[in-house]
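Please examine the sequence and the structure shown below. The paragraphs that follow lead from the ligand site to the charged pairs, then to one helix and a part of the surface.

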Amino acid sequence: MQPSLACFNAACHARFDINEVIYNCPKCGGLLEARYDFSNIDATALKRTWRERRMSNAPLEQSGVWRYRELFPFLDNYADVVTLREGNTPLLQSSRAAEYGGLRSITFKHQGFNPTGSFKDNGMTAGNAQARRLGMKRVACVSTGNTSASMAAYASAGGLEPLIFIPNGNISYGKLAQALEYGAKTFQVDANFDQILALVRVLTERLGIYLLNSINPFRIEGQKSIVIEMMDQRDWKAPDWIVLPGGNLGNVSAFGKGLRELHALGFVDRLPKLAVVQAAGASPFYEYMRDRGEFHPQVHPETLATAIKIGDPVSWPKAQFEIETTHGVVESVTEQEIADAKAVIGHSGIGCEPASAATLAGIRKLKLDRDADVVAVLTGNVLKDPDYIYRYHTGQLTAPDGTAIKPTFGNAPIIVPNDAEQITALLK
Ligand code: F0G
C-alpha cells in the first residue's frame, strides 16, 4: 500500500493520492491525515537503529525529526528534506515546578530549544519537504508568531519563497523580527488569526501557493516526532500524562496520532493521557468538551498568551478524538495563573513563553495524582515575549480585560547608586 491521504471523518474515510494538494476532504470537507502501510515495522529493530543514528554526522540522522522517518514515510526522496537539525530537545526536571504543580516530580520536554525557538520546527521541516517534493515555489501561513518564524526559516533554507500573514499589532516583536530576518515577505493584516486563516486559504488556492498552517497534514506528521523522541529519551516508558497548550489544536492532534501509532506498533505498552490547556479568554475547545453539544467558535478570543489566542481552531475534531481515545482532559486557566506558572518555570532556570506556561498552570488546577509521571511540553522559548516578562516582574502587566496581574513571584530590578557601601548594606 502506498502512502495516502485519508479523510479523518469516520463517516467518509475517502482516500486520496499523497501528492494531491488538498487540505480538506474534497468529498465531505473533513480533515485529512497521512496513512501508511506499517506492516513491515519491527519496533525492536527500529529502536536500535534510531539509537545508532544519534552517533551519525549525516544531516538526516542528526535531525530529531527525520531520525524517526520510518513512522512518517510520506517522501520518496529524502533529497527534498531541509533540516536545521530540529528536534533533539531536552527533557528537563524541576523540583520547584513539581511542587507548584502538586506533584512529586515533573518533566518538561522543552521545544523552545528548536532552531527557531518553538515546536513548529518539527512540523515545518516536514511541510517544507512536501512543498519541495510537489515542486511548489511559494509557501504561506497565518501566524501569531512561532509558525511564521519557523516557516520563514525552513522555506528560505530550502529555496522557497515564504509569505507570511500576521494579525496587525498582535504578534511578538521578536518573532516578527525573525520572519523578516529569514527573508519572508510579510503582510500585516487588520484582522485576527481566524479571519486571516480564511483569507490565506482563499489566496493560496487562487495563486497556487502551498499552505503551511497546521491544517496541512504533513506538518502534523513532523510534529509526531515530538512524542516519538520523548519516548526514545524515556527508554520507551510511557508517562501517565502528557500536558500541552492548545490553540489551533494541531499539536494535540499530532501527539495523539503519534502515540496511537507507537502503541499499535509495539513501541510503548500503553497510551499516556493527553491534557490540553487553553487560556480562559480563548477556550472554545475547553467549553465544547465541558458542555458537549455544538462546537461554537469564539469570535473575540483574548489572552496575553498570543500563541494560543485562537477562537476557531481548525483541528478540533481530531483533538476531540485524541482526548477521548487517551481518556484525557481539557482545562482552562486564567491570565494570572499563566503568568505565575511562567515565573515558576523561569525561576527553575528553564523558562518558556506564556502559552507554554499554561501547562504548569493547568497541572496545578487539575490536581493530578501526586505520584503521577507527568511530561509537560514547553512549546516555545522564554525570549518570545520579553516585554511580558518585564511587566510581570515589575507589577505592570495587565490582562486584556484591564485587570492588573499580581507579580506573585515578581523579581523587579533594584535601582541603586554607584556606591559600594549602599549596595553592601542591601546585600547583608
Ligand atoms: N504553543 C506555542 C508556543 C505556539 O506557538 C502555539 C501555536 C501553540 C502552543 C498552540 O499549538 O495551535 O497546535 O494547538 N502557535 C501558532 C502560531 C498559532 O501561529 O505560531 P496548536
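**The ligand and its surroundings**

The ligand is surrounded by 22 residues, of which Thr144, Asn146, Gly247, Asn248 and Thr379 are the closest. The model is a predicted one. Several contacts can be described atom by atom. Serine 143 contributes a polar side-chain atom, which lies 2.8 Å from an oxygen atom of the ligand. Threonine 144 instead places a backbone N or O atom 2.8 Å from an oxygen atom of the ligand. At alanine 307, a backbone N or O atom lies 3.4 Å from a nitrogen atom of the ligand. The protein buries 98% of the 480 Å² that the ligand exposes when taken alone.

Attention now turns to the charged side chains.

A second salt bridge joins the side chains of lysine 224 and glutamate 221, at 2.7 Å from N to O. Why can these two side chains meet within one helix? Lysine 224 and glutamate 221 are 3 residues apart in helix α8, residues 217-233, and are therefore separated by about one helical turn. An α-helix has 3.6 residues a turn, so residues three or four places apart point the same way. Both partners are also covered by the protein: lysine 224 has a relative accessibility of 0% and counts as buried, and glutamate 221 is buried as well, at 1%.

The salt bridge between glutamate 337 and lysine 365 has its N and O atoms 3.0 Å apart. This pair links distant parts of the chain, with glutamate 337 in helix α12 (residues 335-347) and lysine 365 in helix α13 (residues 354-366), 28 residues apart. Glutamate 337 is partly exposed, at 26% relative accessibility, and lysine 365 is likewise partly exposed, with a relative accessible area of 34%. Beyond such pairs, Arg51, Arg54, Asp232 and Asp235 are connected in a network of salt bridges.

Helix α12, which carries glutamate 337, can be followed along its length. Its 13 residues reach 18 Å from the first C-alpha to the last, close to the 18 Å expected at 1.5 Å a residue. The helix is mostly covered, as 10 of its 13 residues are buried. Just after α12, glycine 349 adopts a positive phi of about 80°.

The last stop is on the surface. Ile414, Val416, Leu426 and Leu427 make a nonpolar surface patch of about 450 Å². Isoleucine 414 sits in the loop between α14 (386-393) and α15 (420-427). With a relative accessible area of 67%, isoleucine 414 is exposed, because exposed means over 50%.

Note on methods
Residues are numbered from 1 along each chain as its sequence is written. This is a predicted model: local features need pLDDT of at least 70, side-chain atom pairs count only at pLDDT 80 or more; totals for chains, interfaces and linings use all residues. Side-chain values use heavy atoms; hydrogens and water are left out. A salt bridge is a side-chain nitrogen of Lys or Arg within 4 Å of a carboxyl oxygen of Asp or Glu. Helices (H or I, at least four residues) and strands (E, at least two) are DSSP runs, numbered from the N terminus. Buried means under 20% relative accessible area, exposed over 50%, partly exposed in between (1.4 Å probe, protein chains only). The expected span of a helix is 1.5 Å times one less than its number of residues. A residue is near a molecule or strand if one of its heavy atoms lies within 4 Å of it. A polar contact is a pair of N or O atoms within 3.5 Å; within protein, one must be able to donate a hydrogen and the other to accept it, and residues adjacent in sequence count only if both atoms are side-chain atoms. Accessible areas come from the Shrake-Rupley method with a 1.4 Å probe; for residues, only the protein chains shown count as cover. Patches are made of residues with over 30% relative accessible area and no salt bridge: like charges are joined within 9 Å, nonpolar side chains (Val, Leu, Ile, Met, Phe, Trp, Tyr) within 5 Å.
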